[in-house]
Amino acid sequence: MPTNDTATTTDQRAVRITGGRRLAGTATVQGSKNIALHLYAAAILADDPLTLAGAPEILDTLVVADILHRTGTRATVTGDEFATRPADSYFPVIPDDLGRRIRTTAVMGGALLARTGKVTFPTPGGDAFCARYIDRHLAAMEAAGAEVEVDRGRVRARFTGKRLPFITDAETRSWGPSLGATVTAMLLAARTPGTSAILNPSVEPEVTHTAALLSQAGVGIEWRGRKVLNVTGTDRIRGGVFTVPPDRLEAATLALAAAITGGTVHLDGFPPAAFPDGLVSVFADAGIQLDPLDGGTAICTPAGPRPVQMATGPHPGFPTDVQPQLTAFLTQAEGTSRINERIYTQRDTHLPALAAFGAAVNATGSVITVRGRSALTGADVAGEDIRAVTALVIAALAAEGTSTIRGMYHLRRGYGSLLPKLAALGADLTIDQE
Ligand SMILES: CC(=O)N[C@H]1[C@@H](OP(=O)(O)OP(=O)(O)OC[C@H]2O[C@@H](n3ccc(=O)[nH]c3=O)[C@H](O)[C@@H]2O)O[C@H](CO)[C@@H](O)[C@@H]1O
Ligand SMILES: C=C(OP(=O)(O)O)C(=O)O
């Protein structure tokens, strides 16, 4: 349910961290922010009550609940349970102030269009480290038969004729298939009679888990190799219970936090196989060992950090959403690391703040160079987006002296209790009200 908390985009609090403590112990992993955001959009289509169990307790969840509530779907957030009931009547206009705070606005726009035949929504928000295009989302809406108009940052789409099966292509001009546009197309196809085809679908876990939810709800999902996803629509989408999988990005953040301190941490219930293969192999090259332990992962860095040459990429490659945290870790490796950031070529807002700790980091084009090892010293810095702020937290854990890190709003968008988890693992950390 909407709360006052969603009204604010500022959070004046700062976290103070005194570095040098080795992390040790066990941590649990929250439900995945990015998967949950796409499942919440799919919930708009359900004709019965639907419960998403294990939802992350983050600001983005509250913002989406508010959007669902304002557009008709009755959404209730109780702890880590996100429950929806279909509306008696829908009001398919996503308010600008809410739609500009999250990234899946266009995906929710697709769901509302599929459900009600029309929608108005603002261009999405989310982190502002670079332009976030939605042309493939709009192409999917047009392919599905909608008239689409974009005017001063708002999109209006409506169906004027009979809904017929359609074909759309999720491939972008800049880089591979779009995750978000694949889900938008799936949601549109889920309520279109007959079988629609999505060419070049993304295979990110956000897509495969949304497909699994739809399949459980009675929608026909058929993967034809990696190049075609067929979706057969239905006029009745069932509810039920679906569990949000654990957050691979929070797990990776905790792993890098443990590793930079030379600590040994157990991720409960999150086995090494739950990390993308590309991440496991980069971590191995960087000296971070991920061993199976009691159904979870034991993390250690027995020989210390090593420099790496790597690139981010689509699943199962190294996720762009772990690049800032990895950059922070690599400041402690002897030698030069190079990271080619291929998804968001300008995703480097963490670099000036890392430099304030004494790190030798710079970006040329899409390549970030880290020259290590740097002796980090406490700094007063602000994170400008969700992963940048966690990169600064990781650097502070290894810095000599006390750091002050601002930008808690960004952290709270995606991490429900990262800081308490780090404190429980032994980090010397306090959250101040500024
Ligand atoms: C494939 C990939 O790594 N996707 C990441 C992307 O998902 P997200 O769903 O936000 O973005 P997309 O996968 O749609 O975008 C991938 C790329 O395609 C471009 N694009 C996207 C849609 C569109 O209509 N036109 C277009 O050109 C984007 O600008 C970007 O360069 O950002 C998220 C937040 O960092 C990450 O969690 C996802 O892992
Ligand atoms: C950039 C991210 O999210 P968003 O697109 O929601 O800002 C992220 O999860 O790293």
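User: Quick one before we start: between which directions do the helix angles run here?
Analyst: This is a predicted model, and its axes are lines fitted to C-alpha atoms, for helices over the stretch in contact. The angles go from 0 to 180 degrees and are taken between N-to-C directions.

User: How are helix 8 and helix 10 oriented to each other: roughly parallel or roughly antiparallel?
Analyst: Helix 8 (residues 248–260) packs on helix 10 (residues 323–330) at about 5°, with the axes 10 Å apart. Angles under 35 degrees count as roughly parallel. That makes the helix 8 and helix 10 pair roughly parallel.

User: How many charged residues sit in that contact of helix 8 with helix 10?
Analyst: Helix 8 brings Ala252, Thr253, Leu256, Ala259 and Ile260, while helix 10 brings Gln325, Leu326, Ala328 and Phe329. Split by class, that's 7 nonpolar and 2 polar, and the charged count is no residues.

User: Where does ligand 1 lie relative to domain 1 and domain 2?
Analyst: There are 24 residues around ligand 1, with Arg136, Thr172, Ser178, Leu179 and Gly180 coming nearest. Domain 1 (4–26 + 247–432) and domain 2 (34–243) both give residues to the shell, so ligand 1 lies between them.

User: Which residue in the turn between strand 11 and strand 12 has a positive phi?
Analyst: Strand 11 (residues 220–224) and strand 12 (residues 228–232) run antiparallel, joined by 5 bridges, and Gly220 has Thr232 as its bridge partner. They form a hairpin with 3 residues between them. The turn residue with a positive phi, about 65°, is Gly225.

Notes
Residues numbered from 1 in each chain as written. Chains lettered and ligands numbered in written order. Predicted model: local features only at pLDDT ≥ 70, side-chain atom pairs only at ≥ 80, totals over all residues. Helix = DSSP H or I, 4+ residues; strand = E, 2+ residues; numbered from the N terminus. Parallel < 35°, antiparallel > 145°, perpendicular 65-115°, else oblique. Contact = placed C-beta atoms within 7 Å. Nonpolar A, V, L, I, M, F, W, Y, C, P; charged D, E, K, R; others polar. Near = placed C-beta within 6 Å. Domains from an automatic or database assignment. Pairing = 2+ DSSP bridges.
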